[in-house]
Amino acid sequence: MQRDAVVVSMEGITKSFGGTTANDDISFCLEAGEIHGLLGENGAGKTTLMNILYGLHRPDSGCILVNQVERNITSPHEAIALGIGMVHQHFMQVPTLTVLDNVILGLRNAREPLLDREGARQRLGELSATYQLDVDPEAYIWQLSVGDRQRVEILKALYRDVSILILDEPTSVLTPQEAEELFAMIRVCVNRGMSVIFITHKLEEAMSITDRVTVLRDGRVVATRVTSETTKAELARLMVGREVLFRLSNDAARSPAGPVALEVERLRAISDRGVLAVRDVSFQVHGGEIVGIAGVDGNGQTELVQALTGLRPVESGRVVVDGVDLTNAAPQRILRQGVGHIPEDFDDALVGAFTLVENLALDLHYTPPFSRWGVLNREVMRQSAQQVIARYDVRTPHERVKARTLSGGNKQKVVIARETSRAIKLLIAAHPTRGLDIGAEEYIRGLLLELRNAGIAILLVSTKLDEILSLCDRILVIEKGRLMGEMARSEADIEKIGLLMAGTGA
Amino acid sequence: MQAYGALVYSAFGSVNGFAETMVKACPLLLAGLGVTVAFRARFWNIGAEGQIYAGGIMAAVVGIYITGLPAVVHLPLTVLAGAVGGALWGLVPGYLKARLKVNEVITTLMLNYVIILLAGYLIHGPMRDRASGITISPQLLQTAWLPTVIPRTRFHAGILLALALAVVVYWLLERTVLGFQIRTVGENERAARVAGVRVGRTIILTMIVSGALAGLAGAAEVAGLQHRLVDEFSPGYGFLAVAVALLGNLHPIGVVFASVLFAALLNGADAMQRAASVPVPVIFVIEGLVIVLVSARFFRQRSG
């Protein structure tokens, strides 16, 4: 590697938010004229690293060299002045202004205090032609498709004469055709001497568009590879393949699989963006087994869980719990049918300003003995909370503390305690150990096994392969809203699942 | 100091001064409690003014046109009509928000003008007292009047009702299933959904309660004070109620004190001008400052 070819060099970057370390001693360098992929699961620290380069976050330690000069980038303004542009997943645009006005927003021009729309229009026209970015400058942002809005975002960067372009998961909002056009545009940029950083969690994209790939995992750099010298399988292993730390499963204690507790038939659901996110998914979960849904984040898991728990409309298909059709039933009805739900974010299950007593009664507060004739029985609620707190080992001084003061692990324990201390037949657990420390993680995994051994059916959605492998009796892999394969744990290994997760059959 | 002394003395220093303060505090307290209930569910009801008018109109209709009832029936019926009127006027934006996701700030604000103008139409048209030279409605029958509690003052029974309701609202929010659900929806709507709380239903019930409380303020003004439907019988109590609720920290007992404070400011303004020649607008400036500072604190707390 020639030293003078390096345009950006980030050395020893560390950044933590609160207690979690998002970037841990990361070193990364971008060469002139390359497309460099940043690959990793959600939460691996890709976006944080790039936000640091773009001046949105300040690193706790480490330094950044742009064109061999050490720089202290404190704002996007400074980043742009250094020739660094970034296109975020969430576009930074004013919907009620035109494309042209959005592009020149915040820029100075020669005719101040007047706007120089004519000059800008001309320049924009040239850029559009050069980079094959066809957008009507007079169109209003709100009229545009997502693909067009992304082009506007790229034009904004190009208009500011950047030489380094950071694209954060640019294809996540695009159709396959739009993605192809984007790739073509990226190649034009590179041919004209720009360097591109391409953030993605999709292996296929990393393989097809990049020259080199840096893989991040848990905030650290795992490896940097030249794309032409690596394989999809190797990248999959680097990205998700942490060592399986412990296998908790004690098969001896297993009860034989019981009757069908959850039956899902050709389920379809639509995401908030209006895209079909769950496509004809069918599976069963029996009492006394844990069925895992593995997959890279954002492949329809969220929508699937919401559709099963009544939080999102089912477009077509059926959801049957314990013989009762609960398709499109209200959350309350599903809950009372014996379904526990651990949502993917524990803050979606707890009311931070409420005490543990109130949080633990949230699901059944309107039924006896917690209330009668519409009046709460505080004493019963308090006693019940005390018992549950002791049983689930929630670390708290007493039951009247506010939920928001607890640590993540204890918050999750409160959620699980509430959702499993009533009589349930089925537990739907979405990423139950996300963001927790090892101790809490182990405790919760043990709890899931205990519940399974007690005959409860568990659907476990997780992006952690070690978790899936150590807990599940059967494993389903989801990719782009479809189930790609099913296997018993005995047949499963990381490589095989990783490939299915990446959308290529094993 | 002299000015503030005059303010305090005029508000609390005499029986009549105290009574007049409480007369003003009554609608502020009732509407403030209504706003409190809505805001606890994070439903930004700024339509208390309209709900006051709806309550006042309904109370006037029942108080004027239903005849031949003894006071023990007629008076409760009149007051109840006020609550129903306010509840209906609150139900509209509640329903629109719960079922059609229409922004409540717009609907509650706009509905104020609809009902205020409707009240004007009634007074100038169908409900006008033809015996009177000015545009007011006929008097309510005496059987529908809220009795005077302190003789030779305007201190009427509606004030006692308002104070009692502050305790009831506290109990509702803290000790009942509905109150628990209102607070849950307000604090974390997603968690409410996950836990099976029917959010839409809760919002609608919240607005029925909220509107009913503001409607009672209207009924108390009509049946306790004016004894007629008059143009602009509420000089913006419903808007001031938002400030009262926020200053009371959305706590029913806090709202009691906040309403009395604002009422004292309203009444004390004239006394201050007489005693220390402080112009009345200064009081309005103080009020404005209180509103700005309190809402700044409130919204910073909530978003932070």
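A residue is called buried if 20 or more other C-beta atoms lie within 10 Å of its own, exposed if 12 or fewer do, and partly exposed in between, with C-beta atoms placed from the backbone. This is a predicted model, in which local features need pLDDT of at least 70 and side-chain atom pairs count only at pLDDT 80 or more, while totals for chains, interfaces and linings use all residues. Residues are numbered from 1 along each chain as its sequence is written, and chains are lettered from A and ligands numbered from 1 in the order in which they are written.

**Stop 1: chain B**

Select chain B. Of its 304 residues, 52% are buried. Chain B has 12 helices and zero strands; helices (H or I, at least four residues) and strands (E, at least two) are DSSP runs, numbered from the N terminus.

**Stop 2: where the chains touch**

Now show both chains. The contact takes 22 residues from chain A and 15 residues from chain B; two residues are in contact if their C-beta atoms, placed from the backbone, lie within 7 Å. On the side of chain B that touches chain A, helix H7 (177-187) and helix H8 (189-194) each supply at least two residues. H7(B) gives the most to this side, with five residues.

**Stop 3: the largest nonpolar core**

Select A:Leu53, B:Leu30 and B:Ala31. These have the most contacts inside the largest nonpolar core, which has 245 residues. Such a core is a set of buried Ala, Val, Leu, Ile, Met, Phe, Trp, Tyr and Cys residues joined through C-beta atoms within 7 Å. Keep A:Leu53 selected. Leaving aside neighbours within four places in sequence, A:Leu53 is in contact with A:Val8, A:Met10, A:Ile64, A:Ala79, A:Ile84 and A:Ile166.

**Stop 4: A:Asp297**

Go to the loop between strand S13 (290-294) and helix H9 (301-309) of chain A, where A:Asp297 is found. Is A:Asp297 buried or partly exposed? A:Asp297 counts as partly exposed because it has 15 C-beta neighbours inside 10 Å.
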